[in-house]
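Visitor: I have a model open on my screen and would like to learn how to read it. Could you walk me through it, feature by feature?

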Amino acid sequence: MALNDLSLVNLDVSNVLRVSGDMIQADRGTVVQATSITTAVTLNRRAGTITTVSAATVAGAEDSFTVTNSMVGANDVVIACLAATSSAGLPVVVVDRIAAGSFRLTITNLDAATALNNTLAINFVVIKAGA
């Protein structure tokens, strides 16, 4: 992780790191999913963007896939969000399983009538947890 200005960082007596500026994850990568919306991907970075295949998730349904990532520990926190889509429907992405070396993303189409019909760009970041 890179910090724009080290004067904005403070480690207090209780060992709490306080940052009052931007935190930028420099260890970032990208991967494009192959074959289907449930096909696993591998991206061994602390942050990145996953571009899915064209999703066809029907209204009210969900699809999941595993992200293999050697940077992930079983106690870490993984945050994911939908970065971009031109798809119909109403896609939402969540991290619903974390294990040493992987996490799982589930894409839910919250639309009541319209299926997804295009690719999704999903951003993620791994936050290392203490032992």
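This is a predicted model: local features need pLDDT of at least 70, side-chain atom pairs count only at pLDDT 80 or more; totals for chains, interfaces and linings use all residues.

Guide: Gladly! Leaving out residues up to four places away in sequence, Leu105 touches Ile50, Asp63, Ser64, Phe65, Val67, Ala80, Val93, Val94, Val95 and Ile122.

Visitor: Which residues have the most contacts inside the largest nonpolar core?

Guide: They are Ile50, Phe65, Leu105, Ile107 and Ile122, in a core of 21 residues. The elements giving two or more residues to this core are β8 (62–68), β9 (77–85), β11 (102–109) and β12 (120–127). β12 contributes the most, with 4 residues.

Visitor: Now the sheets. What should I keep in mind about side chains in a strand?

Guide: In a regular strand, side chains alternate between the two faces of the sheet. With that idea in hand, take the open sheet of 4 strands ordered β5-β7-β12-β9, whose pairing is mixed.

Visitor: Which strands stand at the edges of that sheet?

Guide: β5 (28–32) and β9 do; each has a single partner strand, so one side of each is left without a neighbour in the sheet. On average, neighbouring strands here are turned by 20° against each other, direction ignored.

Visitor: How do I read the pairing, parallel or antiparallel, between β5 and β7?

Guide: β5 and β7 run parallel and are joined by 5 bridges. To find the spot on screen, look for Val31, which stands opposite Ile50 in β7. That Ile50 is one of the residues with the most contacts inside the core, and it is also among those touched by Leu105. Moving across the sheet, β7 (residues 47–51) and β12 run antiparallel, with 5 bridges between them; Gly48 sits opposite Phe124 there.

Visitor: And how many bridges hold β9 and β12 together?

Guide: 8 bridges, in the antiparallel sense.

Visitor: Let us turn to charges. How many salt bridges does the structure hold?

Guide: As a general idea, side chains of opposite charge can pair when their charged atoms come close. This structure holds 3 salt bridges. In one of them, Asp27 and Arg45 meet at 3.2 Å, N to O. Asp27 lies in the loop between β4 (23–24) and β5, and Arg45 in the loop between β6 and β7, so the pair ties together parts 18 residues apart in sequence.

Visitor: Which parts of the chain does the pair of Lys128 and Asp76 link?

Guide: Their side chains meet at 2.6 Å, N to O. Lys128 is in the segment after β12 and Asp76 in the loop between β8 and β9, 52 residues apart.

Visitor: Is Asp76 buried or exposed?

Guide: Asp76 counts as buried, because its relative accessibility is 7% and the cut-off for buried is under 20%.

Visitor: What about the salt bridge of Arg104?

Guide: Arg104 meets Asp96 at 2.8 Å, N to O. Asp96 is partly exposed, with 34% relative accessibility.

Conventions:
Residues are numbered from 1 along each chain as its sequence is written. Side-chain values use heavy atoms; hydrogens and water are left out. A nonpolar core is a set of buried Ala, Val, Leu, Ile, Met, Phe, Trp, Tyr and Cys residues joined through side-chain atoms within 4.5 Å. Buried means under 20% relative accessible area, exposed over 50%, partly exposed in between (1.4 Å probe, protein chains only). Contact means heavy atoms within 4.5 Å. Two strands pair if DSSP finds at least two bridges between them. Axes are lines fitted to C-alpha atoms, for helices over the stretch in contact, and angles run from 0 to 180 degrees between N-to-C directions. A salt bridge is a side-chain nitrogen of Lys or Arg within 4 Å of a carboxyl oxygen of Asp or Glu.
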